[in-house]
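These are my notebook entries on one structure. I looked things up one at a time and wrote down what I found.

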Amino acid sequence: MKSQVIACALVLLDLDCSNPSSVGIFLPHPTDCQKYLNCWQGLLIEGSCPLGLYFDLERQVCEAEARVRCTMSALDSDTNRAMTDGN
């Protein structure tokens with residue numbers, strides 16, 4: 001799972017939501033297992049699972065906590081800046 005988090009961080013840095021091929025890509029949120037990120041209409045959008053559910057990267061759905069392997073990562077400041085700046 002650690003490799004998925006690192007891969008997610010690298011993809012997030014390189015993810016160009018203005019590229020039509022990026023539409024529909026779901027990524028785990030870097031700091032909250034109950035959220036996810038998605039490209040939509042050229043923007044990186046933060047989504048939230050319904051109350052009590054957690055995002056499952058492998059199945060690309062929100063599931064009960066017991067069914068999800070979630071690892072939050074402390075991403076470097078460039079990644080956090082990219083998320084807040086929309087770059």
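**Entry 1: one residue to start**

Is Val 23 buried, partly exposed or exposed? I found that Val 23 is partly exposed, because its relative accessibility is 44%. I used these cut-offs: buried is under 20% relative accessible area, exposed is over 50%, and partly exposed is in between, with a 1.4 Å probe and protein chains only. Val 23 sits in the loop between helix 1 (2-14) and strand 1 (26-28). Helices (H or I, at least four residues) and strands (E, at least two) are DSSP runs, numbered from the N terminus.

I then looked for a patch around this residue. Val 23, Trp 40, Leu 43 and Ile 45 make a nonpolar surface patch of about 390 Å². A patch takes residues with over 30% relative accessible area and no salt bridge; nonpolar side chains (Val, Leu, Ile, Met, Phe, Trp, Tyr) are joined within 5 Å, and like charges within 9 Å. The areas come from the Shrake-Rupley method with a 1.4 Å probe, and for residues only the protein chains shown count as cover.

**Entry 2: what kind of model this is**

I noted that this is a predicted model, in which local features need pLDDT of at least 70, side-chain atom pairs count only at pLDDT 80 or more, and totals for chains, interfaces and linings use all residues. Residues are numbered from 1 along each chain as its sequence is written, and side-chain values use heavy atoms, with hydrogens and water left out.

The average pLDDT (the predictor's confidence in each residue, from 0 to 100) is 75 for the chain, and 66% of the residues score at least 70. Over residues 1-7 the pLDDT is below 50, and this stretch has 7 contacts beyond near neighbours in sequence. Contact means heavy atoms within 4.5 Å. Residues 74-84 also stay under 50, with 13 contacts beyond four places in sequence. Where pLDDT is low, the predicted coordinates should not be read in detail.

**Entry 3: the chain as a whole**

Of the 87 residues, 31% are buried. The accessible surface comes to about 5600 Å², with 55% of it belonging to carbon and sulfur atoms. Among contacts with a separation of 6 or more, 37% are between residues 24 or more positions apart.

**Entry 4: how the strands pair**

I took two strands as paired if DSSP finds at least two bridges between them. Strand 1 pairs with strand 2 (residues 35-40) in the antiparallel sense over 3 bridges, and their hairpin has 6 residues between the strands. Strand 2 is also antiparallel to strand 3 (residues 43-48), with 6 bridges. That hairpin has 2 residues between its strands, and Gln 41 there takes a positive phi near 50°.

Which residues face Asn 38? In strand 3, Ile 45 stands opposite Asn 38, and Phe 26 stands opposite Asn 38 as well.

Strand 4 (residues 53-56) and strand 5 (residues 61-64) run antiparallel and are joined by 4 bridges. Asp 56 has Val 61 as its bridge partner in strand 5. This hairpin has 4 residues between the strands, with Gln 60 at a positive phi near 60°.

I also checked Gly 47, which is in strand 3. Gly 47 is buried because its relative accessibility is 10%. Leaving out residues up to four places away in sequence, Gly 47 touches Lys 35 and Tyr 36.

**Entry 5: salt bridges**

Side chains of opposite charge can pair when their charged atoms come close. The rule I used asks for a side-chain nitrogen of Lys or Arg within 4 Å of a carboxyl oxygen of Asp or Glu. I found 5 salt bridges by this rule.

Glu 46 and Lys 35 form one, with their closest N and O atoms 3.4 Å apart. Glu 46 lies in strand 3 and Lys 35 in strand 2, so the pair ties together parts that are 11 residues apart in sequence.

Arg 69 and Glu 58 form another, at 2.0 Å between the closest N and O atoms. Arg 69 is exposed at 51%, while Glu 58 is partly exposed at 47%.

Where does Arg 59 pair? Arg 59 forms a salt bridge with Glu 63 at 3.4 Å between the closest N and O atoms. Glu 63 counts as buried at 16%, whereas Arg 59 is partly exposed at 38%. Asp 56, Arg 59, Glu 63 and Arg 67 are linked in a network of salt bridges.
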